[in-house]
Amino acid sequence: MKNNPSRTTPGIETVLRGIPASPGVSIGRVHLLIPERVVVAPHKIAPAEVPSELEKFDQAIAETRTAIEGSRERALAIAGIAAGKIFDAHMMILEDVVFQEQVRSRVEHEQFSVEYIVNDILGQNIEIMQKQQGEMFRERASDISDIRQRLLRFLRGEGDMIPHSFDEPVILVAPDLSPTDTLHIDRRHIQGIATDMGGLTSHTAILARSLDIPAVVGLGQLSARVRDGDSIILNGNSGKVILHSSEATLQEYRGKQERYQSFQTALGNLKDLPAATTDGHEIHLWGNIELPFEAESVLTHGGGGVGLFRSEFLFLTRDTVPSEDDQYDTYDKAAEIMAPRPIVIRTFDLGGDKLHGSINIKQERNPFLGYRAIRVSLSRRDLFRTQLRAILRASRRGNVRVMFPFISGMEELREAKMVLAETAADLERERIPYDLALQVGIMVELPSAVMIADLLAAECDFLSIGTNDLIQYSVAADRGNEAVAGYYRSFHPGVLRMIQVTVKAAHKLKKPVAICGEFGGNPVATPLLVGLGIDEISTNSTNIPEIKKIIRTLSFDECKKITAKAMRFCTAAEISDYLTGELKKRLADLPIWFS
């Protein structure tokens with residue numbers, strides 16, 4: 001590889017920060033893995049060659065199917081059910097009827113090679129995902145890229161992915177790793193994974209956690225700054241990566257390794273215990289998911305339910321509108337995994353930064369203040385009724401709840417409930433069973449909803465505070481805009497007061513309140529949220545054990561006292577510093593301190 005001026009200087013300690021994707025502390029040497037670049041030149045074929053090209057496509061589909069099935073079996077054997085389910089999702093992409101028919105139609109009409117057509121179609125899908133803002137879309141792009149790589153190899157007659165093997169322990173550094181790459185590396189010698197791209201909920205991150213490989217993702221240009229053999233320390237608890245560490249830093253992190261291992265042993269004993277304070281006040285600690293198989297991870301980490309199932313992934317992983325049966329199968333699968341534990345399905349939150357061509361959401365000057373979420377659903381009753389039918393059908397198991405996003409006032413709530421009632425009546429006429437006692441809730445994401453929380457709570461069964469949007473709409477700072485990132489403050493006193501107002505209004509009517517935004521996964525915020533009276537914290541499943549540990553260490557009275565003092569501070573920094581200090585006094589061994 002050519003010299004790069006951005007490379008770090010050997011011998012000079014350099015600290016980089018990324019996203020902690022899989023916990024653990026690793027110390028070792030870099031092995032740099034640069035994936036092959038996909039390049040397929042357009043190649044015209046003669047009309048007589050079309051049948052053989054289509055036959056080659058069918059053969060490649062069959063071979064890729066077999067390869068994915070093999071990966072699934074390997075994942076089940078070495079990483080568990082949640083990891084195996086990842087390749088169920090890959091199979092869905094490969095077997096998508098619309099994709100396969102599109103390939104065949106274009107080969108017949110355009111008469112280009114099947115390799116070029118496959119690369120072009122999947123490449124366009126990848127590009128669409130990459131243009132969207134948000135971690136979820138980057139993850140979907142990675143999945144499609146993984147399928148493209150495997151399918152193209154079989155089309156070229158090259159066989160499946162070549163497993164990576166190593167003669168000695170290494171920390172793997174790469175621009176990005178697909179789930180297939182991650183699964184098939186020689187994990188006996190992999191001490192850690194560090195990538196330029198990626199997010200907390202990527203399938204690769206899930207696999208790294210399942211395989212107990214510490215990982216840090218989203219490190220920017222790390223792969224361009226290192227060489228094979230460079231010394232590296234990887235902290236999957238804090239997201240810190242240290243290159244060319246000093247002897248003092250090396251000794252410090254060896255101590256962190258020992259402390260972390262001791263802490264993990266203690267967490268394992270909490271899995272089947274309730275998230276209850278020392279004086280018996282129980283919090284429902286649930287998980288957020290996007291795909292059905294992720295429900296397995298919630299259970300594995302000791303979660304008591306799913307507090308947020310983001311259903312829009314059904315749109316964002318395909319070009320066509322998902323049918324009622326497709327949706328029902330998805331919701332029912334997740335409900336079956338969780339039964340009898342509850343699962344809350346949020347209706348489509350499309351629009352804003354989540355666009356889909358099939359429902360004609362136009363680019364807007366300010367999409368976050370425009371046509372999105374419940375507004376799309378209410379204006380596209382055909383889509384809304386189809387989704388509600390699927391949710392109602394899945395509710396026959398008795399553990400499904402439905403939640404409407406982006407409610408700004410009573411009008412939307414009442415209209416959404418009316419459509420739900422009409423849809424339920426249709427099912428009754430058709431004698432299709434559903435849960436007659438289906439619970440209905442809303443997302444509290446807008447200041448207007450906070451101010452009428454008492455009115456909204458009177459007409460639904462539960463409220464769930466979506467802190468990601470509530471913060472950005474309260475402080476007028478787009479959370480995806482780096483220019484104003486400093487204004488997006490989770491501990492802003494105004495935001496905390498809105499949470500407090502919402503809880504008090506709902507509790508007067510004996511309605512429960514959940515937190516399902518990223519704020520709920522911040523360990524520093526846990527005593528505050530408990531003290532504010534939050535009934536349920538729903539977060540990424542990997543956060544559950546640590547949050548449970550904190551809850552079970554403190555008393556409810558203690559949390560209320562901490563909260564009362566925190567609410568007297570005037571700035572987000574003061575509140576955050578105070579809460580951090582209080583938590584450190586009581587839990588000095590938490591991984592979040594292992595920075």
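Gln111 counts as partly exposed, at 23% relative accessibility. In this predicted model, Gln111 sits in the loop between α3 (97–110) and α4 (114–131). Its phi is positive, about 55°, although Gln111 is not a glycine. Most residues other than glycine have a negative phi, and most peptide bonds are trans.

Ala476 also has a positive phi, near 55°, and is not a glycine. Ala476 lies in the loop between α17 (467–475) and α18. At 70% relative accessibility, Ala476 counts as exposed.

A backbone feature of another kind is found at Pro340. The peptide bond from Ala339 to Pro340 is cis, with omega near 0°. Pro340 belongs to the loop between α11 and β11.

**Overall make-up and confidence**

The protein has 595 residues, and 56% of them count as buried. It contains 22 helices and 16 strands. Take contacts between residues at least 6 apart in sequence: 70% of these join residues at least 24 apart.

Mean pLDDT is 87, and 89% of the residues reach 70 or more. Residues 1–5 fall below 50; beyond near neighbours in sequence, this stretch has 6 contacts in the model. Residues 353–357 also stay under 50 in pLDDT. For residues 353–357 the model has 22 contacts beyond four places in sequence.

**The open sheet**

An open sheet is built from 8 strands, in the order β1-β8-β7-β3-β4-β5-β6-β2, with mixed pairing. At the edges stand β1 (14–17) and β2 (19–22); each has a single partner strand, so one side of each lacks a neighbour in the sheet. On average, neighbouring strands of this sheet are turned by 30° against each other, direction ignored.

Within the sheet, β3 (residues 25–32) and β4 (residues 170–174) pair in the parallel sense over 3 bridges. His31 stands opposite Leu172 in β4. Helix α8 (residues 247–268) lies across β3, β7 (231–235) and β8 (240–243). The helix runs at about 120° to β3.

**The barrel**

A barrel is closed by 8 strands, in the order β9-β10-β11-β12-β13-β14-β15-β16, and the pairing is parallel. The twist from one strand to the next averages 25°.

| Strand pair | Bridges | Facing residues |
|---|---|---|
| β9 and β16 | 4 bridges | His284 and Glu536 |
| β10 and β11 | 3 bridges | Val306 and Ile343 |
| β11 and β12 | 4 bridges | Ile345 and Val402 |

Helix α11 (residues 324–338) lies across β10 (306–310), β11 (343–346) and β12 (400–404), at about 160° to β10. Helix α20 (residues 544–553) lies across β9 and β16, running at about 165° to β9.

**Nonpolar cores**

In soluble globular proteins, nonpolar side chains tend to be buried together. The largest nonpolar core here has 142 residues. Which residues have the most contacts inside it? They are Phe404 and Ile499. Leaving out residues up to four places away in sequence, Phe404 touches a set of residues that includes Thr347, Ile374, Phe384, Leu388, Lys417 and Ile442.

A second, separate core has 16 residues, among them Val170, Leu172, Ile185 and Leu211. Leu172 is also the residue of β4 that stands opposite His31.

**A buried threonine**

Thr502 is found in helix α18 (residues 493–508). Is Thr502 buried or exposed? Thr502 has a relative accessible area of 1%, so it counts as buried. Where does its side chain reach? The Thr502 side chain reaches the backbone oxygen of Met498 at 2.8 Å. Leaving aside neighbours within four places in sequence, Thr502 is in contact with Val444, Val450, Ala453, Leu463, Ile465 and Val513.

Methods
Residues are numbered from 1 along each chain as its sequence is written. This is a predicted model: local features need pLDDT of at least 70, side-chain atom pairs count only at pLDDT 80 or more; totals for chains, interfaces and linings use all residues. Side-chain values use heavy atoms; hydrogens and water are left out. Helices (H or I, at least four residues) and strands (E, at least two) are DSSP runs, numbered from the N terminus. Buried means under 20% relative accessible area, exposed over 50%, partly exposed in between (1.4 Å probe, protein chains only). A polar contact is a pair of N or O atoms within 3.5 Å; within protein, one must be able to donate a hydrogen and the other to accept it, and residues adjacent in sequence count only if both atoms are side-chain atoms. Contact means heavy atoms within 4.5 Å. Two strands pair if DSSP finds at least two bridges between them. Axes are lines fitted to C-alpha atoms, for helices over the stretch in contact, and angles run from 0 to 180 degrees between N-to-C directions. pLDDT is the predictor's confidence in each residue, from 0 to 100. A nonpolar core is a set of buried Ala, Val, Leu, Ile, Met, Phe, Trp, Tyr and Cys residues joined through side-chain atoms within 4.5 Å.
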